[in-house]
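Subject: structure handover

Hi,

Here is the structure I said I'd pass on.

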Amino acid sequence: DQEAAKDVCIVVDGAAGVGKSNITHQFINGKCAGDDTLAIEYSYTKYGIFGDSQAKFEVLDRGDTNCGSDEKHCLKCSIRRGRTPVEGVMLVYSVTSRESFEYVAELRERYLEIKQASGEWWPFAIVGNKSDLEAEREVSREEGAALAKSFGYIFFEVSAKDNAKVEEVFRALAREITQYEDRM
Ligand code: GDP
Ligand code: MG
């Protein structure tokens with residue numbers, strides 16, 4: 001078997017309260033954490049089968065408080081901190097918060113600045129969480145899909161609470177990461 005174990009590191013980012021920590025918990029532990037989440041940044045590891053090989057997923061759940069210095073510096077540190085530097089980015093909003101949706105474009109700019117400076121390539125996914133809260137929806141599925149399409153990014157609506165499409169979005173991003181690496 002020629003396929004080596006793959007390491008992928010994905011950062012989960014977005015406005016406070018969109019469900020970054022619950023998405024991470026759902027993927028790592030197979031359950032949602034409700035309000036029992038860390039506000040600080042934390043990195044988790046999960047081993048699993050990916051394609052025909054073993055993979056190690058490192059997931060960086062970004063914190064909601066910054067580290068005291070400026071945001072850009074803070075983000076740069078986050079990206080380099082793990083054993084595997086970040087190689088895929090999940091930009092999360094809540095379908096119940098238009099403000100969090102608008103923040104996605106701002107965050108994207110911040111990542112692109114760092115990415116361009118370093119000359120790296122990362123796939124992005126735009127993720128609309130809390131799809132279970134249909135009655136409180138402020139952002140339509142079409143709007144989310146259109147934004148992602150305009151950038152050429154993966155798009156999923158997920159529910160960390162109901163464990164809907166969470167695994168799928170991590171796998172779709174991991175696939176882009178490994179396909180890119182295979183071409184190098
Ligand atoms: P973070 O600040 O982005 O890490 O958000 P958290 O994961 O801590 O979640 C913030 C709040 O949203 C908590 O009260 C969660 O229970 C709730 N929440 C997170 N994901 C979902 C979801 O998919 N559906 C619903 N209904 N609530 C969610
Ligand atoms: Mg959190």
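To start with the ligand, a term: a residue is near a molecule or strand if its C-beta atom, placed from the backbone, lies within 6 Å of it. Around ligand 1 there are 19 such residues, and Gly19, Lys20, Ser21, Asn22 and Lys161 come nearest. Sorted by type, the shell has 4 nonpolar, 9 polar and 6 charged residues; here Ala, Val, Leu, Ile, Met, Phe, Trp, Tyr, Cys and Pro count as nonpolar, Asp, Glu, Lys and Arg as charged, and the others, Gly among them, as polar. Helix 1 (residues 20–29) supplies the largest share of the shell, 3 residues.

Some housekeeping before the rest. This is a predicted model, so local features need pLDDT of at least 70 and side-chain atom pairs count only at pLDDT 80 or more, while totals for chains, interfaces and linings use all residues. Residues are numbered from 1 along each chain as its sequence is written, and chains are lettered from A and ligands numbered from 1 in the order in which they are written.

Overall picture

The protein has 5 helices and 6 strands, in the order β-α-β-β-α-β-α-β-α-β-α along the sequence. Helices (H or I, at least four residues) and strands (E, at least two) are DSSP runs, numbered from the N terminus. For 184 residues a compact globule would have a radius of gyration near 16 Å, and the protein agrees with its 16 Å; that radius is taken over C-alpha atoms, and the globule rule is 2.2 Å times the number of residues to the power 0.38. Along the principal axes, the C-alpha atoms fill a box of roughly 50 × 35 × 35 Å.

Of the 184 residues, 39% are buried. Buried means 20 or more other C-beta atoms within 10 Å of the residue's own, exposed means 12 or fewer, and partly exposed is in between, with C-beta atoms placed from the backbone. Among contacts with a separation of 6 or more, 70% are between residues 24 or more positions apart, a contact being two C-beta atoms, placed from the backbone, within 7 Å.

Strands

Strand 1 (residues 6–14) runs parallel to strand 3 (residues 53–61), with 7 bridges; lysine 6 stands opposite alanine 55 there. Strands pair if DSSP finds at least two bridges between them. Strand 2 (residues 42–50) is antiparallel to strand 3, with 9 bridges, and tyrosine 47 faces lysine 56 across that pair. Their hairpin has 2 residues between the strands, and glycine 51 in it takes a positive phi near 65°.

On to strand 4 (residues 88–94): 7 of its 7 residues are buried, so it is largely enclosed by the rest of the structure. Gly88, Met90, Val92 and Ser94 sit on one side, with Val89, Leu91 and Tyr93 on the other.

Core

The largest nonpolar core has 42 residues, and Ile10, Met90, Leu91, Ala125, Ile126, Val127 and Val169 have the most contacts inside it. Such a core is a set of buried Ala, Val, Leu, Ile, Met, Phe, Trp, Tyr and Cys residues joined through C-beta atoms within 7 Å. Helix 5 (residues 166–183) gives the most to this core, with 6 residues. Beyond four places in sequence, valine 169 touches Met90, Ala125, Val127, Phe156 and Val158.

Valine 11, in strand 1, is buried with 26 other C-beta atoms within 10 Å. Valine 89 is 78 residues away from valine 11 in sequence, yet 5.1 Å away C-alpha to C-alpha.

Helix 1 and some phi values

Helix 1 has 8 of its 10 residues buried, so the rest of the structure largely encloses it. Lys20, Ser21 and Asn22 are among the buried ones. Glycine 30 follows the helix with a positive phi near 70°.

Most residues other than glycine have a negative phi. Asparagine 163 has a positive one, about 50°, and lysine 165 has one near 65°. Asparagine 163 is partly exposed, with 16 other C-beta atoms within 10 Å; lysine 165 is partly exposed with 18.

Cheers
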